[in-house]
Amino acid sequence: MSVTTHALTLDADARTADQVAMFVDGQFVPAAAGATFPTVDPNTGRTIAEVPRADGTDVDRAVAAAKRVAVEWQFTDAIARAALLRNLAALVTEHADELARLEALDSGHYLAKASELMGAIPLWLDYWASLADKVGGRTIEVPGNKLSFTLLEPLGVTAHIVPWNYPLLIMVRSCAPALALGNTCVVKPAEDTSLSALKFAELVKEAGFPDGVFNVVTGFGTEAGASLAAHPDVAGITFTGSTETGKTVAKLAADHVAQVNLELGGKSPTIVFPDADLDDAVEAAVQGFCSHTGQVCVAGTRLFVHADVREQFLQKLTARLEQTQVGDGFADGTQMGPLVSQKQYDRVRDYIEIGKTEGTLHYGGGRPAGAPEGGYFVEPTVFVDVAHDARIAREEIFGPVASVHSWSTEDELVEAVNDSIYGLFAVLLGSDIKKLLSTARRLQVGGVMINDWFGELPMTPHGGHKQSGTGREEGIEAVHGYTQVKHVSVNLDPSLRAGSDWAGAPL
Ligand code: NDP
């Protein structure tokens, strides 16, 4: 097997990368079988690089490496684990420009946005470095002369299966707590977007993490991903992706009783109250369904606008969308890049055609004028006159397509919003804080933003209700996804026989 010193070499001008290798047990390696697959620049449809295609053999090697060092890593001082995470944060900052170019090239984020994202990644590493030595168990008052307490212990080997929309951020938001709390990691990036994870692996090595603590296997979900989820030595799985695949992963995990965090899909509402500042409301709506070309789990693709302000809102929305610059992510001024792949492009185009039969096309629906040939570009698209049970109003499209629904009473609004298999997120815009909070409490969602749009932070919990997921990423709540509880009880009497009366349920 040929081992290289780097994960890849980027030629930013040619928009290609060379010698792409996976990261297993501290080494940059090809797939054991030598297989590769192409990864494509969604701005042009051209191949950026050939990426190793891992199979079960590669997954076995990565999991074995992570298992071999799991105990040593668990008992490494938390202060030392934190120091390594801080080294890594500094290296990410140093290499932010290269990471941003890779992410923009591979995922279609426009470059300015990719740069912002890469600039933010160290926040997650620092947050969890800070918590590494502060998270612990608790003491418990029990009857008798006993000391009873809990230890929070790592799970062991954790798997991180990542989608393509925010490749590095989503990987880091789960690997940072896992590593900080003493777990080892095996990552499977999305097949469309492996490159930034591999570059990150170079930085993990440079930061000084022991071999085997962090591994990346690239490949297909049904091959490498399924092998990883099914691996009996994987004790915890964080899966971020579609609800459908999440169910498959949960079933694979159930066979070996692995702990699972599922961060799944959504069909989130943006709700405009009659007393909202309509310019703000339009901005929140546009950010909600156009950010990253609508490929965001919390995308606000159902716009619930109060009937009294519907017409005015639609006029302002049209004017705002006309100003949105869609095009090559590397061009100056681009505000919306391409969809990630031909497959996603076809899916979104199909939904736009379905929308034309289910409602009235209000804006967009086509290919943006002047968009580069071969790239996967669509216009921001808005439908009106759409029934709540229409497919475009119920199914996650994962593109810049929204439907507008009007409402009159809070009860009617809440019923319509909650009538969804998803429950990820909601944005509320208005002036009457009592009404806003009253509605917020009644929505079956994992997160609510009031007079704001979504911004991800390491310290606030993120996750879904209903089929949008289980468990929480980020915030102190995420600790439970990467630890297990051990209860310890110590009898403090001089001898077991001379002790106070035993108290408890007789088993
Ligand atoms: P997918 O569910 O298609 O894929 C997610 C990951 O799972 C990829 O790495 C994929 O590999 C892998 N995978 C696919 N099949 C299997 C399998 N049988 N076993 C194990 N792994 C598998 O999601 P997308 O990549 O299309 O991402 C979009 C989805 O992610 C949307 O539904 C979105 O809402 C959701 N998402 C949720 C977030 C949240 O925080 N709640 C955040 C971001 C996205 P491959 O790429 O090779 O198919």
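Visitor: Between which helices is the loop that holds Ser341?
Guide: This is a predicted model, in which local features need pLDDT of at least 70 and side-chain atom pairs count only at pLDDT 80 or more, while totals for chains, interfaces and linings use all residues. Residues are numbered from 1 along each chain as its sequence is written, and side-chain values use heavy atoms, with hydrogens and water left out. Helices (H or I, at least four residues) and strands (E, at least two) are DSSP runs numbered from the N terminus. On that numbering, the loop that holds Ser341 lies between α11 (310-322) and α12 (342-358).

Visitor: Is Ser341 buried or exposed?
Guide: The classes rest on relative accessible area with a 1.4 Å probe and protein chains only: buried is under 20%, exposed is over 50%, and partly exposed is in between. The relative accessible area of Ser341 is 12%, so Ser341 counts as buried.

Visitor: Which residues is Ser341 in contact with, leaving aside its neighbours within four places in sequence?
Guide: A contact means heavy atoms within 4.5 Å. With those sequence neighbours left aside, the contacts of Ser341 are Asp192 and Tyr376.

Visitor: What is the relative accessible area of Arg310?
Guide: Arg310 belongs to helix α11. Arg310 is classed as buried because its relative accessible area is 17%.

Visitor: How far is Arg310 from Trp407 in space, C-alpha to C-alpha?
Guide: Leaving aside neighbours within four places in sequence, Arg310 contacts Val305, Val384, Asp385 and Ser406. Arg310 and Trp407 are 97 residues apart in sequence, and their C-alpha to C-alpha distance is 9.2 Å.

Visitor: Which annotation does UniProt give to Glu263?
Guide: UniProt positions are given in the numbering used here, feature names are shortened, and annotations may be inferred rather than shown by experiment. The record is an unreviewed entry, and its annotation for Glu263 is "active site".

Visitor: Is Glu263 buried or exposed?
Guide: Glu263 is in strand β13 (residues 259-263). Leaving aside neighbours within four places in sequence, its contacts include Arg173, Phe239, His462, Ser468 and Glu473. The relative accessible area of Glu263 is 3%, so Glu263 is buried.

Visitor: Where does UniProt place the feature "domain: Aldehyde dehydrogenase"?
Guide: The end C-alpha atoms of residues 30-488 lie 45 Å apart, and the span is 40% helix and 21% strand. According to the unreviewed UniProt entry, the feature "domain: Aldehyde dehydrogenase" is at residues 30-488.

Visitor: What is the phi of Gln19, in degrees?
Guide: Gln19 lies in the loop between β2 (16-18) and β3 (22-24). With a relative accessible area of 57%, Gln19 is exposed. Gln19 is not a glycine, yet its phi is positive, about 50 degrees.

Visitor: Near what value is the phi of Asp25?
Guide: Asp25 lies in the loop between β3 and β4 (27-29). Its relative accessibility is 22%, so Asp25 counts as partly exposed. Asp25 is a residue other than glycine with a positive phi, near 55 degrees.

Visitor: How many helices and strands does the protein chain have, and what is its radius of gyration?
Guide: The chain comes to 15 helices and 24 strands. The globule rule gives 23 Å for 507 residues, and the chain is close to that value, so it is as compact as a globular protein of that length. The rule is 2.2 Å times the number of residues to the power 0.38, and the radius is taken over C-alpha atoms. For this chain, the radius of gyration is 24 Å.

Visitor: What percentage of the 507 residues of the protein chain count as buried?
Guide: Along its principal axes, the C-alpha trace spans about 80 × 60 × 40 Å. Among contacts between residues at least 6 apart in sequence, 73% join residues at least 24 apart. The share of the 507 residues that count as buried is 55%.
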